[in-house]
Amino acid sequence: MSTEKSELDRLAAEIAGSASAAGRTVAVAESLTGGMISSALAAAEDASEWFRGSLVAYSSEVKHEVLHVPEGPVVSAPAARAMAREVRRLLGADVAVAVTGAGGPDPQDGRPPGTVFLAVDDGVDCVVVDRDLDGEPEEICVGAAEAALELLAGRFRSG
């Protein structure tokens, strides 16, 4: 677990530097990762200056009622897009990242364990990607958190 944690820390540190340098704020909406993404960001340097906060929407009802995810499957690209857009709006952030998926050990919404959808929204554009991750539930969650932070870091790298 220590190598995964150091990768989360590395990505969070990169995001901290990029967000601070750009004067931009960040928000997170996460599901299967249960707070792993926000914990990594909150521990990064000067987080109080650029990290607006997060919403952990583990249950489908919270996704639908609070994050305005459209009715239907929550393990989907439209769900990730809605989560990122709405948490950005709710928390008043410049950019937001969201993750939803089937962590396992059982399928969810007809999707096999390891199916993950991620989105990053900056108010102008929203990019959604999907990943098929392997492993036990804990490994899938760590992989999903890393993928979300990598997507967010990539958004800062590209401007």
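Let me start with Gly-23, which counts as exposed because its relative accessibility is 59%. In this predicted model, Gly-23 sits in the loop that links helix H1, residues 2-22, to strand S1, residues 26-30. Please also note Asp-94: Gly-23 and Asp-94 are 71 residues apart along the chain, and their C-alpha atoms are separated by 9.3 Å.

I turn now to Trp-50. Is Trp-50 buried or exposed? Its relative accessible area is 1%, and the cut-off for buried is under 20%, so Trp-50 is buried. Trp-50 belongs to helix H3, which covers residues 47-50. Leaving aside residues up to four places away in sequence, Trp-50 touches a set of residues that includes Ile-15, Ala-16, Ala-19 and Ser-20, as well as Arg-24, Thr-25 and Val-26. Leu-41, Ala-44 and Glu-45 are also among the residues that Trp-50 touches. For Ala-84, which is 34 residues from Trp-50 along the chain, the separation between the two C-alpha atoms is 17 Å.

Trp-50 also leads us to the aromatic side chains. How many aromatic pairs does the structure hold? There is 1. The pair is formed by Trp-50 and Phe-51, whose ring centres are 6.0 Å apart; the planes meet at 50°, and the pair is therefore tilted. Both partners, Trp-50 and Phe-51, are buried.

Let us step back to the protein chain as a whole. Its secondary structure consists of 6 helices and 5 strands. Along the sequence, these elements follow the pattern α-β-α-α-β-α-α-β-β-β-α.

As for overall dimensions, the C-alpha atoms occupy a box of roughly 40 × 35 × 25 Å along the principal axes. The radius of gyration is 14 Å, which agrees with the value near 15 Å that a compact globule of 159 residues would have. Of the 159 residues, 48% are buried. Considering contacts between residues at least 6 apart in sequence, 62% connect residues at least 24 apart.

Methods:
Residues numbered from 1 in each chain as written. Predicted model: local features only at pLDDT ≥ 70, side-chain atom pairs only at ≥ 80, totals over all residues. Heavy atoms only, no water. Phe/Tyr/Trp six-rings, centres within 6.5 Å; stacked < 30°, edge-to-face > 60°. Buried < 20%, exposed > 50% of the residue type's maximum accessible area, 1.4 Å probe, protein only. Helix = DSSP H or I, 4+ residues; strand = E, 2+ residues; numbered from the N terminus. Rg over C-alpha atoms; globule rule 2.2 N^0.38 Å. Contact = heavy atoms within 4.5 Å.
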